[in-house]
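This briefing goes with the sequence and model shown below. Please look at both before reading on.

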Amino acid sequence: MKQETSVFSRVRQKLDLPPDLMPLEAQLVLASNRELTVYGHRGIGGYDPEEIRVRIRGGFALVRGIGLEITRMNPARLVIAGRIAAVELRPGGGHV
């Protein structure tokens, strides 16, 4: 198992917090096929009503669907609404 050495990892261990609370990792929460929330995003790599590329650590999340729109975005959270058909996680810089 890889030893955690970052400041966030050490704090998480000291406070005995679960690993899914790491702020540097992206967490995607899909609510039915109508809303996707991405925590820990790193910006948008591309955007149109049928495809949105969200930058995350180590790559990007490709969201495909119909009538997609970004309804909320701040440094911690991004919310995509519309009819979501697929979410793919891909390594790399965000270009398809």
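What share of the contacts in the protein chain with a separation of 6 or more comes from residues 24 or more positions apart? Such residues account for 43% of those contacts, where a contact means heavy atoms within 4.5 Å. This is a predicted model, in which local features need pLDDT of at least 70, side-chain atom pairs count only at pLDDT 80 or more, and totals for chains, interfaces and linings use all residues. Residues are numbered from 1 along each chain as its sequence is written, and side-chain values use heavy atoms, with hydrogens and water left out.

**Confidence**

- The mean pLDDT of the protein chain is 83, and 71% of its residues reach 70 or more; pLDDT is the predictor's confidence in each residue, from 0 to 100.
- Confidence is lowest in helix H1 (residues 7-14), with a mean of 65, and highest in strand S5 (residues 59-73), with 97.
- Where pLDDT is low, the predicted coordinates should not be read in detail.

**Overall layout**

- The protein chain has 1 helix and 6 strands, in the order α-β-β-β-β-β-β along the sequence.
- Helices (H or I, at least four residues) and strands (E, at least two) are DSSP runs, numbered from the N terminus.
- Strand S3 (residues 44-48) pairs with strand S4 (residues 51-56) in the antiparallel sense over 4 bridges; two strands pair if DSSP finds at least two bridges between them.
- S3 and S4 form a hairpin with 2 residues between them, and Ile44 stands opposite Val54 in S4.

**Surface**

- Of the 96 residues of the protein chain, 30% count as buried. Buried means under 20% relative accessible area, exposed over 50%, and partly exposed in between (1.4 Å probe, protein chains only).
- Leu30 is in strand S1 (residues 27-31) and counts as partly exposed because its relative accessibility is 48%.

**Val38**

- Val38 lies in strand S2 (residues 35-39).
- Is Val38 buried or exposed? Val38 is buried, because its relative accessible area is 0%.
- Leaving out residues up to four places away in sequence, Val38 touches Gln27, Leu28, Val54, Ile56, Ala76, Arg77 and Leu78.
- Val38 and Ala61 are 23 residues apart in sequence, and their C-alpha atoms are 9.1 Å apart in space.
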